Amino acid sequence: MDADKVIIYRQALDQYGFTAQKEMVFEETGELQNALAKFIRGRGTQKAVITELADVSIMVEQMARLFGQEDFAAEKERKLNRLARRLGTTNGNKSNRKKR
């Protein structure tokens with residue numbers, strides 16, 4: 001990851017505090033939920049969803065640093081590999097696995 005981003009994430013945690021940033025995760029994910037719900041109902045925009053996705057992504061990166069970046073990266077990789085197996089793909093290539 002870009003070193004400048006790491007510094008920003010660390011500064012946000014230092015300035016606002018761990019508790020406040022953990023609580024902010026709830027706020028940002030709620031805003032994403034609302035943006036998606038509005039989009040599904042035809043009352044929201046793709047831009048609004050993207051904006052909230054960016055906010056949630058920033059918070060996820062902060063939480064990963066707080067709870068353990070290496071463990072987070074390993075768990076994310078494990079889950080992506082599991083998804084690939086379920087989809088019958090590896091490295092983006094489809095296998096001959098039968099469709100369910």
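Guide: Start with the buried residues of α3: Val49, Glu52, Val56, Met59, Glu61, Gln62, Met63, Ala64 and Arg65. The model is a predicted one. These buried residues of α3 pack against α1, α2 and α4. α3 covers residues 46-67.

Check the length of α3. At 1.5 Å a residue, its 22 residues should span 32 Å, and the end C-alpha atoms lie 31 Å apart, so the two agree. Glycine 68 follows α3, with a positive phi near 125°.

Which residues does arginine 65 touch, leaving aside its neighbours within four places in sequence? They are Met1, Val6, Tyr9, Arg10 and Leu13. Of these, Arg10 and Leu13 of α1 also take part in the contact with α2. Alanine 35 is another matter. Arginine 65 and alanine 35 are 30 residues apart in sequence, and their C-alpha atoms are 26 Å apart in space. Alanine 35 is itself one of the buried residues of α2.

Move to α2 by way of valine 25. Valine 25 sits in helix α2. With a relative accessible area of 22%, valine 25 is partly exposed. Leaving aside neighbours within four places in sequence, valine 25 is in contact with Met59 and Met63. Both Met59 and Met63 are among the buried residues of α3. Valine 25 can also be placed relative to serine 57. The two are 32 residues apart in sequence, but 9.8 Å apart in space, C-alpha to C-alpha.

Now take α2 as a whole. The buried residues here are Gln21, Glu28, Leu32 and Ala35. They pack against α1 and α3. α2 has 23 residues and reaches 33 Å from first C-alpha to last, close to the 33 Å expected at 1.5 Å a residue. Just after α2 comes glycine 42, with a positive phi of about 80°.

How does α2 meet α1? Two packed helices are described by the angle between their axes and the distance between the axes. Helix α1 (residues 3-16) and helix α2 (residues 18-40) pack at an angle of about 110°, with their axes 6 Å apart. That angle makes α1 roughly perpendicular to α2; angles of 65 to 115 degrees count as roughly perpendicular. On the α1 side, the contact is made by Arg10, Ala12, Leu13 and Tyr16. On the α2 side, Phe18, Ala20 and Gln21 make the contact. By class, the contact of α1 with α2 has 5 nonpolar, 1 polar and 1 charged residues.

Next comes α4, one of the elements packed against by the buried residues of α3. Helix α4 runs over residues 69-87. At 1.5 Å a residue, its 19 residues should span 27 Å, and its end C-alpha atoms are 27 Å apart, which agrees. Glycine 88 follows α4, and its phi is positive, near 75°.

The protein has 4 helices and 2 strands. Along the sequence, the pattern is α-α-α-α-β-β. The C-alpha trace spans about 50 × 40 × 20 Å along its principal axes. The radius of gyration is 17 Å, whereas a compact globule of 100 residues would have one near 13 Å. Buried residues make up 19% of the 100 residues. Among contacts with a separation of 6 or more, 54% come from residues 24 or more positions apart.

Methods. Residues numbered from 1 in each chain as written. Predicted model: local features only at pLDDT ≥ 70, side-chain atom pairs only at ≥ 80, totals over all residues. Heavy atoms only, no water. Axes fitted to C-alpha atoms, helices over the stretch in contact; angles between N-to-C directions. Parallel < 35°, antiparallel > 145°, perpendicular 65-115°, else oblique. Contact = heavy atoms within 4.5 Å. Nonpolar A, V, L, I, M, F, W, Y, C, P; charged D, E, K, R; others polar. Expected span 1.5 Å × (residues − 1). Buried < 20%, exposed > 50% of the residue type's maximum accessible area, 1.4 Å probe, protein only. Rg over C-alpha atoms; globule rule 2.2 N^0.38 Å.
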